[in-house]
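The following note is intended for a colleague who is meeting this structure for the first time. Please read the numbered points beside the sequence and the model.

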Amino acid sequence: MRKLLTLTIGALASVSLAIAVPDHPSWSQSGRTIRIVISVPPGGSIDLLARILADQISSTQGQSVIVESRPGAGGIIAAEAVARAAPDGSTLLLNNNGMIISSILRKVNYDPQVSFEPICYLVTTPQIIAVNSTSPYRTLDELVDAARSKPAELSIASVGPNTTQHIGIERFKRLAQANLTYVPYPGGAPTVNALLGAHVTSAVLNWSEIGEQLTAGKAHALATMASQRIEPLPDLPTVSESGYRDFETDVWFGLVAPARTPKETVSQLIDWFSAALLAPQVRTKLTAQALYPNPKCGPDFGAHIRRQSDLYTRLIRELSIKTE
């Protein structure tokens, strides 16, 4: 009898272990909503990116995903909020080059390399150097030659200052030895208006901001700052192809979670977002906005963030970029 009792207790213990709740439940078990925090107001291309991915994951995984806008301070507000969030995978940051730039130029309460767990590098979006349709400059060389012959008389605008576009402009000016006056604007729309109104000679803009005007013939593209030609304008050369070799300024966007998020949760998020990004219908929607999927996840994305931190630290020092 004693032997039988011992065996019975052992069997019950085995059953108990088999049905024990895991330390890090999957999202399907937890039922919590995922928030994707963005650092810009609703309505732009990045808000669209976040909502397309949220809808795809909601429909394919049955997981509730919402988008929360926390704009201001060059992305610092959003980044600090996510860095402080509980490391349980329920709060994610849609980050970009700007998060790194802000951390170099300003005092912030996060470190891009240690305050977050990398999920996935998602997309790149090209920057285009454009002029008004009535401009006499039809190529990038013509703009550069004029800037050299008429120092400080010609201008180039972008959203800024202290943005990816601003640093790209200063980098190009030094490489081309072009004396273009940089003119910052508070957003893409005011920059487009300044270009169309001929208040500035040229501008650097996202395709999503200037594409409609280019198609309508109200503006003319000189080159893309991207690393390769873009689908909407296959005949448009890159800056590098225009004679300024090894130049590129790609604006990228990726997802990170707070540091110390469990590995199992990070792995599941990687699976979900990489699958969503590669879905044909998602790719079609994104490329229509010149947002090009290029998933690099986990350690690969972490290595990219480290390289970008090193790059912008060097560029900001070399170009004497100061906080404005």
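1. In the sheet, N95 stands opposite G254 in β10. The strands β3 and β10 run antiparallel and are joined by 4 bridges; two strands are taken to pair if DSSP finds at least two bridges between them. Strands (E, at least two residues) and helices (H or I, at least four) are DSSP runs numbered from the N terminus.

2. The model is a predicted one, in which local features need pLDDT of at least 70, side-chain atom pairs count only at pLDDT 80 or more, and totals for chains, interfaces and linings use all residues. Residues are numbered from 1 along each chain as its sequence is written, and side-chain values use heavy atoms, with hydrogens and water left out.

3. The order of the open sheet of 6 strands is β2-β1-β3-β10-β4-β11, and its pairing is mixed. At the edges stand β2 (65-69) and β11, each with a single partner strand, so one side of each has no neighbour in the sheet. From one strand to the next the twist averages 25°.

4. Helix α3 lies across β1 (34-38), β2, β3, β4 and β10, and runs at about 165° to β2. Helix α5 packs on the sheet and touches β3, β4 and β10, its direction making about 80° with that of β3. Angles run from 0 to 180 degrees between N-to-C directions, and axes are lines fitted to C-alpha atoms, for helices over the stretch in contact.

5. Helix α3 (residues 45-61) also packs with helix α11 (residues 280-287), at an angle of about 170° and with the axes 11 Å apart. This makes α3 roughly antiparallel to α11, a term used for angles over 145 degrees. The contact (heavy atoms within 4.5 Å) is made by L49, I52, L53 and Q56 of α3 and by Q281, V282, K285 and L286 of α11. By class it has 5 nonpolar, 2 polar and 1 charged residues. Ala, Val, Leu, Ile, Met, Phe, Trp, Tyr, Cys and Pro count as nonpolar, Asp, Glu, Lys and Arg as charged, and the others, Gly among them, as polar.

6. The largest pocket has a volume of about 1100 Å³. A pocket is an open set of points on a 1 Å grid over the protein atoms alone, where a 1.4 Å probe fits, with protein on both sides within 12 Å along at least five of seven lines; lining residues have an atom within 4 Å of a point. The volume is the space filled by probe spheres set on the points, which are joined across faces, edges and corners. Of the 44 lining residues, S39, V40, N96, V159 and T163 are the closest to the centre. The largest share of this lining, 5 residues, comes from α5. The lining divides into 20 nonpolar, 21 polar and 3 charged residues.

7. The second largest pocket holds about 510 Å³ of space. Among its 30 lining residues, Y121, T124, S227, E248 and D250 are the closest to the centre. Helix α12 gives the most to this lining, with 6 residues. By class, the lining has 11 nonpolar, 11 polar and 8 charged residues.

8. G160 and P161 are joined by a cis peptide bond, with omega about 5°, and P161 lies in the loop between β6 (155-159) and α7. A152, although not a glycine, has a positive phi of about 70°; A152 lies in the loop between α6 (140-149) and β6.

Terms used: Angles under 35 degrees count as roughly parallel, over 145 as roughly antiparallel, 65 to 115 as roughly perpendicular and the rest as oblique.
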